[in-house]
Amino acid sequence: MQNDHLVKSITKDGMFRAYAIDATGVVAEAQKRQATWSASSAALGRTLVGGLLLSASVLKGQETMTIQINGGGPVGTIMVDADANGHVKGYVQHPHVHLPLNRVHKIDVGKAVGVNGFMQVMKSMGGDEPYSSSVPLASGEIGDDFTYYLAQSEQIPSAVGVSVFVNDDNSIKVAGGYLIQTLPDADDAAIDRLEKRLKQIPMVSELLLSQQSPNDILNLIFGEDNLEYLTDTPVEFTCNCSKKRFAKSLSRVSPDELRAIIAEDHGAELICHFCGARYNYDEEELKSILAVSEKRVELDAQKDDNEAKK
Ligand SMILES: [Zn+2]
């Protein structure tokens, strides 16, 4: 039984807001569903942890976000969807990447992800147009990239630490992280002290391995007496895919392509990247999807026609 949860706190002096998370179960679930190897597991796992932390810190109510990272490295694109209530899903384009350890004997996530690319964050606030922002990758190590995104796009000076420990058999031993935001009342001396402290403490994965909870991690950074705890939320890997949703995306394929699929294969199987669920459509089902696609093309043509007449 996993005990994944995310705690939110504020320092009593009002200078910092601090979040910490144990997401071992979330990352283990993603690893199992996509059968990822070490470097892919660590890259995806860190992004899942960062996505949960970022969502908890910047989203409200029913808002959701999609984070997309591609640095040109062997793992390809990493995609994570998260909401403000502890739900997350994610996938990595190339799950079977394993690399030699880096010079500090850790999984070389920076090399696996690459640094020639961007981190894009799309926030859906319930309106029609999602808000989208992208920043160049800082190091491809993920934690640094979230820190850079928060500074550049959200104008919130922050420190983000994310870490995943992968067992020799590719399963996940622990995964978690912290996110600390500097609030307007923070003075330079306090920021200096925090930066020094963050360099002294062990990595989050080492802390989790020694049975430390998210609260213990924040207490270690700030001192227990200096923190006020605000919320403690369970987090979980959940996918909201369904046969109906996939049918809708299939109806966006062109009528010609759908006709070809019907003629050649008499059916179709779609697999969800995120959770691995398989959805099968028989010939009859494909024909009704084709009808939706034809209708869409027809309406688009009428619209273009009307535009041209204006
Ligand atoms: Zn799914």
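User: Which atoms count as donors of a metal here, and what spacing do the donors of the zinc ion follow along the chain?

Analyst: Donors are N, O and S atoms within 2.8 Å of the metal (3.2 Å for Na, K and Ca), and since water is not among the atoms, sites may look incomplete. The model is predicted, so local features need pLDDT of at least 70 and side-chain atom pairs count only at pLDDT 80 or more, while totals for chains, interfaces and linings use all residues. Residues are numbered from 1 along each chain as its sequence is written, and side-chain values use heavy atoms, with hydrogens and water left out. The zinc ion is coordinated at 2.2 to 2.3 Å by the SG atoms of Cys239, Cys241, Cys272 and Cys275, and its donors follow the spacing C-x1-C-x30-C-x2-C.

User: What arrangement do the four donor atoms around the zinc ion make?

Analyst: Four donors count as tetrahedral if all angles lie between 85 and 135 degrees. Around the zinc ion the four donor atoms subtend angles of 102 to 115°, which makes the arrangement tetrahedral.

User: Is cysteine 272 buried or exposed?

Analyst: Buried means under 20% relative accessible area and exposed over 50%, with partly exposed in between (1.4 Å probe, protein chains only). Cysteine 241 has a relative accessible area of 19% and is buried. At 4% relative accessibility, cysteine 272 also counts as buried.

Technical notes:
Four donors count as tetrahedral if all angles lie between 85 and 135 degrees; four count as square planar and six as octahedral if opposite donors are over 155 degrees apart and all others between 65 and 115; anything else is irregular.
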